[in-house]
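Take a look, then follow along.

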Amino acid sequence: MNEAEQQRQTPELDAADVAAYLEAHPDFLRRHPEVLEVLDTRHDSGNAVSLIERQVGALRATNRQLQSRFNELIETARDNEQRVVQLNRLARVLVAAVAPAELVRELAYCLKQHLDVDHVYIGLEKPADHAEGEIQVIDHDSPAGRALTNVFRRGKPICGPLSEEHSEALFATRTNDVPALASAAMIPLGIHGVHGALVLASRKPQRFVPDAGTLFLELTGELVTAALRRLLGDDALS
């Protein structure tokens, strides 16, 4: 057990005990300079503040800022690590699928289990063979097509609230008498342009918000496009 651990476990030290210890160990602060950062070392100089005190105060403030920034970077690194794990999990599901219908079912299961997604929609402009109704045909004049207008127009993932009208158009929530979905991420699919869309929807309003980062969603769209291209051919996605 080191000295610091022994000190943390020492109960009820009073000022006399601390003073006696420091007298017996005059090199304590030299061996533990980090203690100086939390000590109040002001000397008796009236209302005046010495230059050294100002410097120490500034260094303490800088140290707190650096520690806060360091903690933020650690959290970001952890989030990125989780994203890599999730992408790897999705990639394994997409690579293993041997038919379009299986791909959609396994993808939906994976997203529901690991990414807190309640419903998944995949639609393409052209009919997909062997999809067994799992891949919708997008008619741009239909309610579902109009719900996807912005993702086709922008060509980039869009996150935000999902209206009850769009929830019904994409997931038939009202028709099936189930609660409407509150938020969604709409992700473009296709080769050389947008020719389809993947929609991840949640009942939680804060699951997909407009200012969320979209890199993970872009990579997911590229993976799904590649998997569909392998199973359906280039013509279905162009």
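Start with R207, whose charged end sits over the ring of F208, 4.4 Å from the ring's centre. To count, CZ of Arg (or NZ of Lys) has to be within 6 Å of the ring centre and within 35 degrees of the ring normal. R83 does this too, with its charged end over the ring of F216, 5.5 Å from the centre.

A word on what you're looking at: this is a predicted model, where local features need pLDDT of at least 70, side-chain atom pairs count only at pLDDT 80 or more, and totals for chains, interfaces and linings use all residues. Residues are numbered from 1 along each chain as its sequence is written, and side-chain values use heavy atoms, leaving out hydrogens and water.

Next, the rings. There are two aromatic pairs here, meaning Phe, Tyr or Trp rings (six-membered ring for Trp) with centres within 6.5 Å; planes under 30 degrees apart are stacked, over 60 edge-to-face, and the rest tilted. Y21 and F28 have ring centres 6.0 Å apart and planes at 85°, so they pair edge-to-face. F28 counts as buried because its relative accessibility is 9%, while Y21, at 27%, is partly exposed. (Buried is under 20% relative accessible area, exposed over 50%, partly exposed in between, with a 1.4 Å probe and protein chains only.)

Y121 and F171 are also edge-to-face, 6.4 Å centre to centre with 80° between the planes. This pair links distant parts of the chain, 50 residues apart. Both partners are tucked away: Y121 is buried at 6%, and F171 is buried at 12%.

Note on methods. Helix = DSSP H or I, 4+ residues; strand = E, 2+ residues; numbered from the N terminus.
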